[in-house]
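Start with the pocket, then turn to the ligand.

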Amino acid sequence: MQEVLPEGGVVRKLWIGETAKYREHVLRLDPESRRNRFAGGVSDDFVRSYVDMTTGLDAVVHGFFVGGMMRGAAELRPLGARFARQAEAAISVEKPWQSHGVGSALLRRTLLAARNRGFRLLHMACLADNRRMQQLARKFDAELTFDFESVVGEVESSRPTPLSLMREMMSDGHGFTTAMLDLQTRMLRA
Ligand SMILES: CC(C)(COP(=O)(O)OP(=O)(O)OC[C@H]1O[C@@H](n2cnc3c(N)ncnc32)[C@H](O)[C@@H]1OP(=O)(O)O)[C@@H](O)C(=O)NCCC(=O)NCCS
């Protein structure tokens, strides 16, 4: 299923070599969104190191792209062998694109990726006053528990099925095609 997203934007996986787009997106977040994304205030240097580290790990990053610029991101990171079947998820959307369904589209794709990788438990570091993220998580059928004191929310993700694997493959195909068309259009305009 493809959502109608603002300004004809698309959600697709980040490709190798696109780390700079991700870094620039996170650096563009307004102070409140950045604080909410990292569950506290962080410096530009922290953001740069964080993005470099994340893209070097076994993370699945989906981006929301408008005209080749990354305006939103969702990350899914395995917690490692000691915490099998558990991953951390985090989402960010730049302010002008918030409240237009982008966060929902990113979370939907991240939950699908989690399910297809066999993750049963997703941790989401979420400040207690971040009502929007909590409402967003509640929109999904998954069972949800928030621990407001430790500011961590957890979402159970369901098992992979042939249909869920196919849906992820089809979404990737759509993202690739749209990105190629977008690139061609911009090259023709130049
Ligand atoms: C949290 C965040 C990812 C949500 O993204 P978004 O694109 O605004 O989300 P959506 O438009 O899909 O809205 C999701 C739900 O949030 C709620 N919501 C949206 N806009 C809202 C607003 N202005 N006020 C309160 N709730 C709002 C609604 O319940 C909405 O669902 P609905 O449209 O079906 O009613 C985005 O606000 C963001 O990047 N915030 C800063 C970073 C952050 O907090 N990250 C989460 C830490 S993991």
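Helices (H or I, at least four residues) and strands (E, at least two) are DSSP runs, numbered from the N terminus. This is a predicted model, where local features need pLDDT of at least 70, side-chain atom pairs count only at pLDDT 80 or more, and totals for chains, interfaces and linings use all residues. Residues are numbered from 1 along each chain as its sequence is written, and side-chain values use heavy atoms, without hydrogens or water.

Which element gives the largest share of the lining of the largest pocket? It is β4, with six residues. A pocket is found on a 1 Å grid over the protein atoms alone: it is an open set of points where a 1.4 Å probe fits, with protein on both sides within 12 Å along at least five of seven lines, and lining residues have an atom within 4 Å of a point. Here 35 residues line the largest pocket. I91, N130, R132, M133 and L136 lie nearest its centre. At least two lining residues come from each of α2, α3 (44–56), β4, α4, β5 (121–125) and α5.

Now look at the ligand. The space it takes is the largest pocket (a molecule sits in a pocket if more than half of its atoms lie within 2 Å of its grid points). Two or more residues of the shell around the ligand come from each of α2 (31–37), β4 (86–93), α4 (102–116) and α5 (131–138).

Polar contacts are pairs of N or O atoms within 3.5 Å. A ligand oxygen lies 2.5 Å from an N or O atom in the side chain of S104. A ligand nitrogen is 2.9 Å from an N or O atom in the side chain of R132.

How values were computed
A polar contact is a pair of N or O atoms within 3.5 Å; within protein, one must be able to donate a hydrogen and the other to accept it, and residues adjacent in sequence count only if both atoms are side-chain atoms.
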